[in-house]
Amino acid sequence: MNSDSKPALLLIDIQKGLDDIDYYGGHRNNLQAESNARRILEFWRNHKLPIFHIKHNSTNPNSPLAKGQPGNEFKVIVEPLASETIIEKEVNSAFIGTNLKQQLDELAIKKIVIVGLTTDHCVSSSTRMAGNLGYDTFLVADATATFDKVGADGTKYKAEMIHEVELASLHNEFATVIASDDLLKSFKEIL
């Protein structure tokens with residue numbers, strides 16, 4: 001495979017602070033998201049494909065994701081190797097205030113695979129922007145997850161519903177939403 005066709009993997013905000021379920025809404029869907037992200041990460045490592053670990057540095061000093069807090073660190077299950085790129089951000093999109101696009105363009109990346117947390121925040125923002133920037137984007141449904149949310153009117157929405165609705169909104173508009181097994185099978189065939 002030539003360098004301009006190598007797909008890049010973006011692992012978004014898979015950080016220890018997101019284990020604080022109570023802080024983020026009291027319930028989370030898809031507890032297998034990190035395990036599925038790890039399987040994909042291992043595939044990328046085995047095939048020597050480009051990997052980008054995205055880290056959220058919250059500007060809220062009370063957030064578990066604030067820089068300097070233990071929760072800011074990557075979860076061990078997907079901890080970056082010394083040779084892998086880390087992009088730090090302070091907003092939802094991995095493309096804003098970072099050099100991610102420049103690094104992808106320097107590697108002639110056209111195809112991006114996205115996994116991480118949370119589906120309706122940083123994963124969605126980064127997926128939308130990747131699609132808008134013209135990347136052929138794949139969002140791995142079972143390697144993402146989110147939390148319960150309370151709407152402006154006080155209605156509580158379950159994480160499972162938020163996750164599914166967000167994936168539906170992104171599919172075929174900004175990205176191809178795909179399951180991890182299907183992604184790995186299709187990428188094995190082209191590598």
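Guide: Start with α3 and α4. Thr119, Asp120, Ser124, Thr127 and Arg128 in α3 meet Ile162, His163, Glu166, Leu167, Ser169 and Leu170 in α4. Contact means heavy atoms within 4.5 Å. This is a predicted model, where local features need pLDDT of at least 70, side-chain atom pairs count only at pLDDT 80 or more, and totals for chains, interfaces and linings use all residues. Residues are numbered from 1 along each chain as its sequence is written, and side-chain values use heavy atoms, with hydrogens and water left out.

Visitor: Why are α3 and α4 called roughly parallel?
Guide: Helix α3 (residues 119-132) and helix α4 (residues 159-170) pack at about 10 degrees, with axes 11 Å apart. Angles under 35 degrees count as roughly parallel, over 145 as roughly antiparallel, 65 to 115 as roughly perpendicular and the rest as oblique. So α3 is roughly parallel to α4. The axes are lines fitted to C-alpha atoms, for helices over the stretch in contact, and angles run from 0 to 180 degrees between N-to-C directions. Helices (H or I, at least four residues) and strands (E, at least two) are DSSP runs, numbered from the N terminus.

Visitor: What makes α1 and α5 roughly parallel?
Guide: The angle between helix α1 (residues 33-46) and helix α5 (residues 180-190) is about 10 degrees, and their axes lie 10 Å apart. Therefore α1 and α5 are roughly parallel to each other. Among the residues in contact are Phe43 and Trp44 of α1, and Leu183, Leu184 and Phe187 of α5.

Visitor: What makes aspartate 13 and lysine 89 a salt bridge?
Guide: Their closest N and O atoms are 3.0 Å apart. A salt bridge is a side-chain nitrogen of Lys or Arg within 4 Å of a carboxyl oxygen of Asp or Glu. The pair qualifies as a salt bridge. Aspartate 13 is in the loop between β1 (8-12) and α1, lysine 89 is in strand β3, and 76 residues separate them. The structure holds 14 salt bridges.

Visitor: Are aspartate 13 and lysine 89 buried or exposed?
Guide: Buried means under 20% relative accessible area, exposed over 50%, partly exposed in between (1.4 Å probe, protein chains only). Aspartate 13 has 2%, so it counts as buried. Lysine 89 also has 2%, so it is buried.

Visitor: How do you know that the salt bridge of aspartate 136 and lysine 111 ties together separate parts of the sequence?
Guide: The N to O distance is 3.2 Å. Aspartate 136 lies in strand β5 (residues 136-145) and lysine 111 in strand β4 (residues 111-117), so the bridge joins parts 25 residues apart in sequence. Aspartate 136, at 34%, counts as partly exposed. Lysine 111, at 22%, is partly exposed.

Visitor: What links lysine 149 to aspartate 120?
Guide: A salt bridge, with the closest N and O atoms 3.3 Å apart. Lysine 149 lies in strand β6 (residues 149-150) and aspartate 120 in helix α3, so the pair ties together parts 29 residues apart in sequence. Aspartate 120, at 18%, counts as buried.

Visitor: Why is isoleucine 87 called buried?
Guide: Its relative accessibility is 3%, so isoleucine 87 counts as buried. Isoleucine 87 is found in strand β3 (residues 85-89). It touches residues including Phe52, Ile54, Ala94 and Leu100, not counting residues up to four places away in sequence.
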